[in-house]
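Please look through the sequence and the model before reading the points below.

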Amino acid sequence: NADVYLSGHYHFFSVTKTSSRHHRLHREGVAIQAGTVSVRDRGESPSFNVLSIENRRVSVEPKFWNPETAMFEPSIVTTFEYVNGAWIETVSPVQV
């Protein structure tokens, strides 16, 4: 069994617990979907994820392209901590 699943096929940022999609699984994991750095219009700004993994904690910080500053900029950090057999999710704005 895996605890963290990384994917990039759909080209849209997403992060969620697997239990929100697959209720019959006997083990919960974290699914992290990467955005895309493609300039093709997909309805979402180009983006990529910065992952931080330490012990039983996984943090995901997507960085989205801002055409006004011509830079990839952070917006939120989603952190999952594995506690007593379950992933606890917290979402925080990025401090700039």
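Arg 57 counts as partly exposed, at 40% relative accessibility; buried means under 20% relative accessible area, exposed over 50%, and partly exposed in between (1.4 Å probe, protein chains only). The model is predicted, so local features need pLDDT of at least 70 and side-chain atom pairs count only at pLDDT 80 or more, while totals for chains, interfaces and linings use all residues. Residues are numbered from 1 along each chain as its sequence is written, and side-chain values use heavy atoms, with hydrogens and water left out.

- Arg 57 belongs to strand β5; helices (H or I, at least four residues) and strands (E, at least two) are DSSP runs, numbered from the N terminus.
- Not counting residues up to four places away in sequence, Arg 57 touches Ser 52, Thr 79, Phe 80 and Glu 81, where contact means heavy atoms within 4.5 Å.
- The C-alpha atoms of Arg 57 and Thr 79 are separated by 7.0 Å, although these residues are 22 residues apart along the chain.
- The side chains of Arg 57 and Glu 81 are joined by a polar contact of 3.0 Å. A polar contact is a pair of N or O atoms within 3.5 Å; within protein, one must be able to donate a hydrogen and the other to accept it, and residues adjacent in sequence count only if both atoms are side-chain atoms.

**Overall composition**

- The protein has eight strands and zero helices.
- Of its 96 residues, 31% count as buried.
- Among contacts between residues at least 6 apart in sequence, 35% join residues at least 24 apart.
- The protein exposes about 6700 Å², of which carbon and sulfur atoms supply 52%; accessible areas come from the Shrake-Rupley method with a 1.4 Å probe, and for residues only the protein chains shown count as cover.

**The nonpolar core**

- The largest nonpolar core has nine residues in all: Phe 13, Val 15, Val 30, Ile 32, Val 58, Val 60, Phe 80, Tyr 82 and Trp 87. A nonpolar core is a set of buried Ala, Val, Leu, Ile, Met, Phe, Trp, Tyr and Cys residues joined through side-chain atoms within 4.5 Å.
- The elements that give two or more residues to this core are β3 (30–33), β5 (57–66) and β7 (76–83).
- In soluble globular proteins, nonpolar side chains tend to be buried together.

**A three-stranded sheet**

- Three strands form an open sheet in the order β1-β3-β2, with mixed pairing; two strands pair if DSSP finds at least two bridges between them.
- β1 (4–7) and β2 (14–17) stand at the edges with a single partner strand each, so one side of each is left without a neighbour in the sheet.
- β2 and β3 run antiparallel and are joined by four bridges.
- Ser 14 stands opposite Gln 33 in β3.

**Positive phi values**

- Most residues other than glycine have a negative phi.
- Ala 70, in the loop between β5 and β6 (71–74), has a positive phi near 55°. Ala 70 is partly exposed, with a relative accessible area of 49%.
- Asn 84, in the loop between β7 and β8 (86–93), has a positive phi near 50°. Asn 84 counts as exposed, at 80% relative accessibility.
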